Amino acid sequence: MKATLKKIDFQRDGVLIAFVLFAVFAVFRWGDVFQKPDTWRNLLCSNADVGILAVGMTLVIIGGGIDLSVGSLLALAGVLGIQQMGSGPVWVGVLWMVGTAATLGLAQGVVVTWGRVAPFVATLVGLLVFRSSALTLSKGGTVVSQNPALADLTSKGFPIPGLATFSGKPLMVFWSGVLFVAVALVAGFLLNQTPYGRRLVAVGSNERAAKYSAVNVGAIRVWSFVLMGVCAGLAAWVYASKLNSVPSQNAGNLYELESIAAVVIGGTSLRGGQGRIWGTVVGVLILGMIGNILIAAEVDTYLQGIVKGAIILFAVLIARGKKTD
């Protein structure tokens, strides 16, 4: 037993171990809820929008940046997409959402890189500007889609062979969960299998050394914000499809903090230069599971933020210790 424990790299695999421990605890304590396949399916699909944002945030943070505007960017892209789509085909709205968010991500990357504005400040300005723009375009209200097909992303999917709900019906996986997994796989490939990923890590580790190695630091960093924008546009699509509408006042509120928390819990250093996509995905699922556990335990809604905050602080302290080592 002791030899087995010695072989485990707790810093590398800690997030996975934590997820398993949370899952075992939840199944033993609230088996009637957490033994249902529907619960785990919903955990993946209901957190897909935050998860997609967190994947993009992982790339930005590994490159030495941070993006505080993603929640507001989601709201603005969602409002614009629904307005431009009207009663037309869904793909028009999706193109507007992704295109708008990618363009604004490019603008923020340019401000950070060539404007020499700190990412914290530039994206904080973006947070204010994007939210204000969404409120202005929607006149402070909720933009409702005239095309019910937009909701198909979350209400439809395909059955998983061999799995069924407790009522005996085939267990369906929704397209939002599929999109989340697909985005994570593509980002993982970019980070681990392409020259861009290696250069992004180099820029986040030591910007000066990367410059001496002939890495175009500015372009690498700008691309990280563009990819963040693409993720924000896809997340806006998932969010809008949940209710077939986007409330400009609170759409994406605190999503920037939730996505950063998932990235940190997943083992990515806030100082840049190291991180992993799969850790972020597990971090998203852990945060979602904690939310479900708090609801099952009937913890007061006002106290849930304290519990989540304590867990995030614990993860940050571990990450700081890891960097020191």
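In which loop is the place of Asn 244?

Reply: Asn 244 sits in the loop between helix 13 and strand 4 (245-247). Helices (H or I, at least four residues) and strands (E, at least two) are DSSP runs, numbered from the N terminus. This is a predicted model, so local features need pLDDT of at least 70 and side-chain atom pairs count only at pLDDT 80 or more, while totals for chains, interfaces and linings use all residues. Residues are numbered from 1 along each chain as its sequence is written, and side-chain values use heavy atoms, with hydrogens and water left out.

Now the backbone. The phi of Asn 244 is near 60 degrees, a positive value in a residue other than glycine. Most residues other than glycine have a negative phi. Asn 244 counts as buried because its relative accessibility is 14%. Buried means under 20% relative accessible area, exposed over 50%, partly exposed in between (1.4 Å probe, protein chains only).

Move along to Leu 254. Leu 254 is in the loop between strand 4 and helix 14. Its phi is positive too, about 65 degrees, although Leu 254 is not a glycine. With 51% relative accessibility, Leu 254 counts as exposed.

Next comes helix 14 (residues 255-265), which holds Ala 262. Ala 262 counts as buried, because its relative accessibility is 0%. Leaving aside neighbours within four places in sequence, Ala 262 is in contact (heavy atoms within 4.5 Å) with Ala 54, Gly 279, Thr 280, Gly 283, Val 284 and Leu 287. Leu 53 is 209 residues away along the chain, yet its C-alpha atom is 9.9 Å from that of Ala 262.

Go back to helix 13 (217-243). It is among the elements that cover the buried residues of helix 11, along with helix 5 (48-62), helix 10 (175-193) and helix 12 (207-212). In helix 11 (residues 195-205), the buried residues are Tyr 196, Gly 197, Leu 200, Val 203 and Gly 204. Seen down the helix axis, they fall within an arc of 125 degrees, so they line one face of helix 11. That arc is taken from the directions from the helix axis to the C-beta atoms. An α-helix has 3.6 residues a turn, so residues three or four places apart point the same way.

Helix 7 (residues 90-113) holds Gln 108. At 6% relative accessibility, Gln 108 counts as buried. Beyond four places in sequence, its contacts include Asp 67, Ala 122 and Phe 225. The side chain of Gln 108 also makes a polar contact with the side chain of Ser 69 (3.0 Å). A polar contact is a pair of N or O atoms within 3.5 Å; within protein, one must be able to donate a hydrogen and the other to accept it, and residues adjacent in sequence count only if both atoms are side-chain atoms.

Helix 7 also packs with helix 6 (residues 70-85), at an angle of about 145 degrees and with axes 8 Å apart. Axes are lines fitted to C-alpha atoms, for helices over the stretch in contact, and angles run from 0 to 180 degrees between N-to-C directions. Among the residues that meet are Leu 73, Leu 76 and Leu 80 in helix 6, and Trp 96, Met 97 and Leu 104 in helix 7.
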